[in-house]
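Here is a short briefing to read alongside the model. Keep the 3D view open as you go.

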Amino acid sequence: MGKLAITGGTPVRRKPFTSWPIFDREDSRALQEVLASRNWGGYPFPNQHADRFAQSFARLHGAKYGLAVANGTIAIEVALKAAGISPGDEVIVPAYTWEGTIGPILRLNAVPVFVDIDPDTYCLEARLTEAAVTARTRALLPVHLGMCFADLDALRRTAKKHQLMIIEDCAHAHGGRWRGKGAGATGDLGCFSFQSSKLMTAGEGGAVVTSNLEYHERAQSYTNCGRASATDRYRNRLIGFNYRMTEFQAALLEGQLRRLPEQAKTRQENMELFENRIRGAHGLATLKHDRRNTQVAAYQYVFKYLPDQLGGVPRSAFLGALEMEGIPCDGLFYEPVYKSALFPLDPRDFPALSWAREQAIDFRDVRCPVSERAAYQEAVWLPHHIFLGTQRDTQDIVTAVGKVLEHIE
Ligand SMILES: Cc1ncc(COP(=O)(O)O)c(C=O)c1O
C-alpha cells in the first residue's frame, strides 16, 4: 500500500470529507424570517419556533413534553432540578464522559458518584451502579456514549429497587432508540445538546424531554426565571434563571430535525460498511451492539485499538499516522472526569462534598480502570460527519486504517 504519509508517503486521502454542519436555502429563509420578525429571543416563553421545535423533538423520541434550552449542560441542570435533586443528594454517573455531565450536579450542590463503564459499550456499568447505591442516592445519570446506549433495562431495575430517578444524558443520541423507545423517554427525563459537533446543531442549544407534567412544569419555571409554567397545574414556585433558547437557534434546529432521519440512514449504512471491513482486524476490536438498542444514533464511530496486540505501539502513534493519511480521528476524546484538567475541584466550593463525612470527598482517590484504559490507551473516535458521504469515502477510511495497521511497527 506504499509508505505511510507520516513517514513521507502519499496519503490515502487529500479530499475533505462531508463538512459539518449541513445547511440549505431553507435554513437561510428560516433565519431571515426570524430576523425580519424582530422576535428573536426566548421570551415570551416559550417562543414560537422554540416551542414548535421542542414539541416535535419530544414527539420523535416518544416523550410527551419537550423544552428547548440554551445548551446541553443547562439541559442537565434543568433536568436535575426538575427531578427534585437537592443539596447533598448523590447522583451516579459514568466516569467516562464529558465534564458537562458532571458540572450541573455540583452546581446544585449535589454529589456526583463516579462509576466505571462497561468495556463492551463504554457506557455506565449496570452491576457497579447497583453496588454504588447508598442511602443518599437519588438518581442515576447514564450517558448514551458515542454509539451505544447504557443498559437501561438493568438501570431501571436498580432505580425501581431503590426508588431512584433516571436522567438520561442523550447528548450523543439524537434519534436513537432503546426497545423502540426514543432516547430520553425510558428514564424520567432526557437531556440533549445541540452544540456544534452534535448530530443536530444550532451552534449551541439543548433540550429536555419528559412524559411527566410535573417535571416539565418545574423545568419550564427553572428555565424561565422562575415564572409559572404554561400549564401551572403543580404551582411550583422556585428561583429560576434565564436558560431560554433563542428563536434563531430553534429555527435552525427545525431544519436539522427534518434532515436527521436521512442523515441517520446514510451514516448507519456507512458505519456498518466500515465495521464489517475492520471487524477481525488484528489489533482492533469493535464495541458490542446490543439488540435492544433498536435504532443506533452514532455521534462518533468508536472502536478499540489494542496496543498489546500491536507490539506495544501506543495509540497516539496509530492516530497520528491515521490523521496524516487524511482521516480525522481522536483518542483522548474524553478523560475520566475525576482525572481531567477541566475538573480542578475545590471541595470548599461545593459544601455537600463534606456533609456528614469526616473528610470532604476527594475524587483524586477514585479509580475506574476500564474508563482509564479507554481514555488513555484504547478508544478511537471517528466523527460522525465523515460517514455522511459515499461508500467510496468510507472505503478510504477502511483503506487508511488497514494501511496504518500494516505498517504499525
Ligand atoms: C455527553 C455530553 N454531555 C453533556 C454535554 C453538554 O452539552 P453542551 O456542550 O451543549 O453544553 C455534551 C456536549 O458537549 C456531551 O457530549
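Is the crossing of helix 3 and helix 7 left-handed or right-handed? It is right-handed, meaning that the near helix is turned clockwise from the far one by less than a right angle. This is a predicted model, where local features need pLDDT of at least 70 and side-chain atom pairs count only at pLDDT 80 or more, while totals for chains, interfaces and linings use all residues. Residues are numbered from 1 along each chain as its sequence is written, and side-chain values use heavy atoms, leaving out hydrogens and water.

**Helix 3 and helix 7**
- The axes of helix 3 (residues 72-82) and helix 7 (residues 213-223) come within 8 Å and cross at roughly 125°.
- Helix 3 brings Glu77, Val78, Lys81 and Ala82 to the contact, and helix 7 brings Tyr215, Arg218, Ala219, Tyr222 and Thr223 (contact: heavy atoms within 4.5 Å).

**Nonpolar cores**
- The largest nonpolar core has 63 residues, of which Tyr96, Phe274, Phe318 and Leu382 touch the most other members (a core joins buried Ala, Val, Leu, Ile, Met, Phe, Trp, Tyr and Cys through side-chain atoms within 4.5 Å).
- Helix 11 (residues 391-406) gives the most to this core, with 6 residues.
- A second, separate core of 43 residues includes Ala75, Val93, Ala139 and Phe343.

**Helix 10**
- Within helix 10 (residues 369-378), the buried residues include Val370, Ala374 and Ala375 (buried: under 20% relative accessible area, 1.4 Å probe, protein chains only).
- Their cover includes strand 11 (300-305), helix 9 (315-324) and strand 12 (379-383).

Key. Buried means under 20% relative accessible area, exposed over 50%, partly exposed in between (1.4 Å probe, protein chains only). Helices (H or I, at least four residues) and strands (E, at least two) are DSSP runs, numbered from the N terminus. Axes are lines fitted to C-alpha atoms, for helices over the stretch in contact, and angles run from 0 to 180 degrees between N-to-C directions.
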